[in-house]
Amino acid sequence: MSELEGGKGREQATPAQLAHSRLMLIQTTSFLDAFAPLVAEEDADTPLTMLDMNLDNARFSLGVPLHPNVLRARHTLNYAQWQAGEQANQAPAVADARRILAQAEAEAGAQLHATLDAARTHQTALRQLAQTVEALETRAVHLKSNGGDPLSLARVRFEWRQARASARIQSHRMEEAIRLLEALVSEPGDFR
């Protein structure tokens, strides 16, 4: 910026270049001011929170009947049967409501299965990353106690921070999947 203002370089700075550079500087400074508090370098030093949750919980098998779309479709079927009265078995509205209920159950089952598989995948990755973090912590202690050189210690610490950051990301992803499962199979606050 100061080079442009001073006119250094091969060409003279044009007012448009100066205005653009000032705008970019203001935007970058504003971005850093807004997002710098969100990035805490010491986050890697905080203990890992393991979401060691039993994803084979029986509540997940009850998820399809409790899915909001299935509940709505079941209500529609009950209403259609009530409206049809004694001719409920032959009424086209009842047949249509049964078809919609079956479709809602199939879609809910697929959604729950996919979400549960995603949670299990994140849980497996989280466990593997936690083992990597433990191994790196042991390696760092071993290196330090045996008088390891500062470069080797710095490399181990760097790998450790990367592994912890990755574990934290998997933990957040798993938590998102669990929250979606909670929303699909139970009332708020009922799951844990």
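Let's start with arginine 164 and glutamate 137, which form a salt bridge with their closest N and O atoms 3.7 Å apart. By salt bridge I mean a side-chain nitrogen of Lys or Arg within 4 Å of a carboxyl oxygen of Asp or Glu. This pair links distant parts of the chain: arginine 164 sits in helix H7 (residues 150–185), glutamate 137 in helix H6, and they are 27 residues apart. Helices here are DSSP runs (H or I, at least four residues), numbered from the N terminus. Arginine 164 is buried, at 4% relative accessible area, while glutamate 137 is partly exposed at 33%. For those words, buried is under 20% relative accessible area, exposed is over 50%, and partly exposed is in between, with a 1.4 Å probe and protein chains only.

A quick word on the model, friends: it is predicted, so local features need pLDDT of at least 70 and side-chain atom pairs count only at pLDDT 80 or more, whereas totals for chains, interfaces and linings use all residues. Residues are numbered from 1 along each chain as its sequence is written, and side-chain values use heavy atoms, with hydrogens and water left out.

Back to the bridges. How many salt bridges does a search of the whole structure find? Five. One of them joins glutamate 105 to arginine 74, with the closest N and O atoms 3.1 Å apart. That pair also links distant parts of the chain, glutamate 105 in helix H6 and arginine 74 in helix H5, 31 residues apart. Glutamate 105 is partly exposed at 29%, and arginine 74 is partly exposed at 32%.

Then there is arginine 179 with glutamate 175, whose side chains meet at 3.1 Å, N to O. These two are four residues apart in helix H7, so about one helical turn separates them.

Now please look at leucine 129, in helix H6. Leucine 129 touches Ala163, Ser166, Ala167 and Gln170, leaving aside residues up to four places away in sequence; contact means heavy atoms within 4.5 Å. Leucine 129 and alanine 167 are 38 residues apart in sequence, yet 5.6 Å apart in space, C-alpha to C-alpha.

Last stop, the aromatics. The structure holds one aromatic pair: tyrosine 79 and tryptophan 82, tilted, at 5.7 Å centre to centre with 35 degrees between the planes. The rule is that rings of Phe, Tyr and Trp (its six-membered ring) pair if their centres lie within 6.5 Å, with planes under 30 degrees apart stacked, over 60 edge-to-face and the rest tilted. Tryptophan 82 is exposed, at 63%.
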